[in-house]
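Please load the model in your viewer and show it as a cartoon. The stops below go from the whole chain to single residues.

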Amino acid sequence: MKNMKFMSLMLALVSYTTIALTSCGNDDDPAKPTINLTEVGHNNSKHVHPGHDLHVEAKAVAEGLVKRIDIEIQQEGGGTFKIAKAYTEGKYIGVRNIEFHEHIDIPANAPLGKYHMHFVVTDQRGQQAKAESHLEVIEDDGHEEEEHEHQHE
Ligand SMILES: [Zn+2]
């Protein structure tokens, strides 16, 4: 298939000519990535405490292979507090089907209140998909220690 041959050629060249990728798009582009953001906070609670970390799980498919994953957590209601985390190397990069599971550090000085989270997957062709979730930073009531129970590599 022409598309497959083109893809492997492009992948071979990707480390040298990332800029050129954007100019040879159209019909040969693989499908855009898709994201299913499954858990924001343990059991998808959509809340987190300052000074703790936020459990995030998602499934994503990138026919064009994952180039990077970006997570942005932005305070709502006029606040400007923002947390940004980028994954540009490691187990997700260059992969087609990913099961994302990471913990994002929420600084102890993060103001309480409502936030908005963006989960963005970019493929090797520069195509992006974005999933969104609301999120609330709430005071630690000391009753949610299970948030730290499982281990991560
Ligand atoms: Zn977790």
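**Whole chain**

From the N terminus, the order of elements is α-α-β-β-β-β-β-β-β-β. That makes two helices and eight strands, in a model that is predicted. Colour the chain by burial next: 21% of its 153 residues count as buried. Then draw the contacts between residues at least 6 apart in sequence; 70% of these join residues at least 24 apart.

**The sheet of strands 1, 3 and 6**

Select strand 1 (34–40), strand 3 (residues 53–61) and strand 6 (97–105). Together the three strands form an open sheet in the order 1-3-6, with antiparallel pairing. Which strands are at the edges? Strand 1 and strand 6 are the edge strands, and each of them pairs on one side only. Look at the strand directions as well: neighbours in this sheet are turned by 20 degrees against each other on average, direction ignored.

**Strand 1 against strand 3**

Keep strand 1 and strand 3 on screen and hide the rest. How many bridges join strand 1 and strand 3? The two strands pair in the antiparallel sense over six bridges. Two positions can be picked out here. T34 stands opposite V61 in strand 3, and I35 stands opposite A60 in strand 3. Show the side chains while you are here, because in a regular strand they alternate between the two faces of the sheet.

Is N43 buried or exposed? N43 counts as exposed because it has 9 C-beta neighbours inside 10 Å, and the cut-off for exposed is 12 or fewer.

Select N44 next, which is also in the loop between strand 1 and strand 2. The phi of N44 is near 55 degrees, a positive value in a residue other than glycine. Why does N44 count as exposed? There are 12 other C-beta atoms within 10 Å of N44, so the residue is exposed; a count of 12 still falls within the limit of 12 or fewer.

How values were computed
Residues are numbered from 1 along each chain as its sequence is written. This is a predicted model: local features need pLDDT of at least 70, side-chain atom pairs count only at pLDDT 80 or more; totals for chains, interfaces and linings use all residues. Helices (H or I, at least four residues) and strands (E, at least two) are DSSP runs, numbered from the N terminus. A residue is buried if 20 or more other C-beta atoms lie within 10 Å of its own, exposed if 12 or fewer, and partly exposed in between; C-beta atoms are placed from the backbone. Two residues are in contact if their C-beta atoms, placed from the backbone, lie within 7 Å. Two strands pair if DSSP finds at least two bridges between them. Axes are lines fitted to C-alpha atoms, for helices over the stretch in contact, and angles run from 0 to 180 degrees between N-to-C directions.
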